[in-house]
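The structure is shown first.

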Amino acid sequence: MNKALLIGSRNCVPYLSMDAAEKALPGILGCAVDACDETEHGNLNYGKIKDYGMIVFMPASWRETGSAASAQAVFRYVLHGGNLLIAGNGLDMGNAQELKVITACVHQGSSYYTELDLEPAGRMAESCDRITVRTVPHFVKPDVFKQSEVFMTFRYGNAEYPALFAHTWSKGKAACLTVDLTTESIGALVPAIKAAVDFFESGQVAK
Amino acid sequence: MKKKAFLCSSFGPGFHPFLTGTDKEIVSIFSNTYDFVKITDSFKDMTLSDMKEYDCLMFYSAPFWGLKGDSDIVANLLEYIVTGGSVIILHIISTGAIPETAQVIGGAFRMHPPFNRYRLEPAGNGHPILEGIEPFELEDEMHQVYTEEVLNRTLLLTIKNDNGRPHETGPVPHQDIYAKNSGNGVDLAWCNEFGEGRIVYACPGHNAEDYRHPMLRKFLRNCGRWLAREI
């Protein structure tokens, strides 16, 4: 991967800040990572982002800081072959239907900071260990049309929820990590991020 | 100056014969707003440039079956829409055959009861397409569709449950299939602004006779004008 883009927020509650991801992602992804904070959320266009090998999307409040034009830009990025990892609060996209269809899920809300066990599933079941992490879980249900492959799950209450899932979307790919990437959680979540990258690059999922 | 329309359907015999009068009715409905530059049964080789020659792409029972989401034609269609194109899907929501277009257009075919007489109701939400549209009855084949939950669709036409009474006018009396929705409407037409583009799905219109109904014609003309950004 040549270069990645991180879309996040700085002027937000500390645990949703992009700072930790900005520091950690170059080492995790093995490439340079440009940062786009909320001052630029509304100014994205396809021309600016089309050459990134991957976009990590984790803004704290896209419904306030994003724009329709930026949502269209990211939609076109995936449509034409881009790779989009949506993490944690990035799943709360407000009215940005152009982005919501790409997630292939319906975001149902989140809960409080807690300790979660992310269990590998499907193709990751043999190649990855359980990840125990303290973070904020987000709850999603699958889209009625677009099927995803689930790679990790977590239990909350009496129910099981997808923690990491991925799918192709037209000529591109998308993966969703349904827990927040924070200073505390990002280290533990490296295997999940790398699994998403593997899926983007090869369609495979390895430890 | 009229806008340019592209109309695609399946020309062969089948459940929705297009060339037996449906074609003429569709053209006449939209002809105040559009010149029909091309009417064809083939669209799978269209490039994005080809699509952008038209202000509106119209599909009536068009052969989307067998296409894949990563095909050029599907990517071109989605790019056309999100960058400002207009699309109307008439009767058969065949775009539902592909997950990506099912998501963006907003639905996929689920099932339909036998051809029957129904009362269609405008959604009453003040959308400009519904200007002057009153409830009307139509003998037609009304499709029940799965719908995409995450879209910002505006419902246009719906059918209300009639408390499960059988339709006496149908060739085969049957329990209203919508009885399961028990008081809820069934989405039969909607519109959406997706990216910079505009989308309409309109189920009513199984045959030429249906397209002669004055209120349906008025409704579809309004759809055409909205897609052309006249209203």
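## Helix H3 of chain B

In this predicted model, helix H3 (residues 72–82) of chain B is largely enclosed by the rest of the structure, because nine of its eleven residues are buried. The cut-off behind this is a count of 20 or more other C-beta atoms within 10 Å of a residue's own.

Just after H3(B), Gly84(B) takes a positive phi, at about 120°.

## Helix H6 of chain B

Helix H6 of chain B covers residues 214–227, 14 residues in total. From its first C-alpha to its last it reaches 20 Å, close to the 20 Å expected at 1.5 Å a residue.

The buried residues here are Leu216(B), Phe219(B), Leu220(B), Asn222(B), Cys223(B), Gly224(B), Trp226(B) and Leu227(B). An α-helix has 3.6 residues a turn, so residues three or four places apart point the same way. A positive phi also follows this helix: just after H6(B), Arg229(B) has a value of about 65°.

## Chain B as a whole

Chain B contains six helices and eleven strands. Of its 231 residues, 49% are buried. When contacts in chain B between residues at least 6 apart in sequence are considered, 76% of them join residues at least 24 apart.

## Chain A as a whole

Chain A has six helices and eleven strands. Its radius of gyration is 15 Å, which agrees with a compact globule, because a globule of 207 residues would have a value near 17 Å. Along the principal axes, the C-alpha atoms of chain A fill a box of roughly 40 × 35 × 35 Å.

Buried residues account for 55% of the 207 residues in chain A. Among contacts in chain A between residues at least 6 apart in sequence, 70% link residues at least 24 apart.

## The sheet of chain A

Nine strands of chain A form an open sheet with mixed pairing, in the order S2-S1-S3-S4-S11-S10-S9-S6-S7. Its edge strands are strand S2 (32–36) and strand S7 (131–135) of chain A, each of which pairs on one side only. From one strand to the next, the twist averages 20°.

Helix H6 (residues 190–202) of chain A lies across S3, S4, S6, S7, S9, S10 and S11 of chain A. Relative to S11(A), H6(A) runs at about 165°.

## Arg155 of chain A

Arg155(A) belongs to strand S9 (residues 149–156) of chain A. Is this residue buried, exposed or partly exposed? Arg155(A) is partly exposed, because 14 other C-beta atoms lie within 10 Å. A residue counts as exposed at 12 or fewer and as buried at 20 or more.

Arg155(A) and Leu116(A) are 39 residues apart in sequence, and their C-alpha atoms are 7.5 Å apart in space.

Technical notes: Residues numbered from 1 in each chain as written. Chains lettered and ligands numbered in written order. Predicted model: local features only at pLDDT ≥ 70, side-chain atom pairs only at ≥ 80, totals over all residues. Helix = DSSP H or I, 4+ residues; strand = E, 2+ residues; numbered from the N terminus. Expected span 1.5 Å × (residues − 1). Contact = placed C-beta atoms within 7 Å. Rg over C-alpha atoms; globule rule 2.2 N^0.38 Å. Pairing = 2+ DSSP bridges. Axes fitted to C-alpha atoms, helices over the stretch in contact; angles between N-to-C directions.
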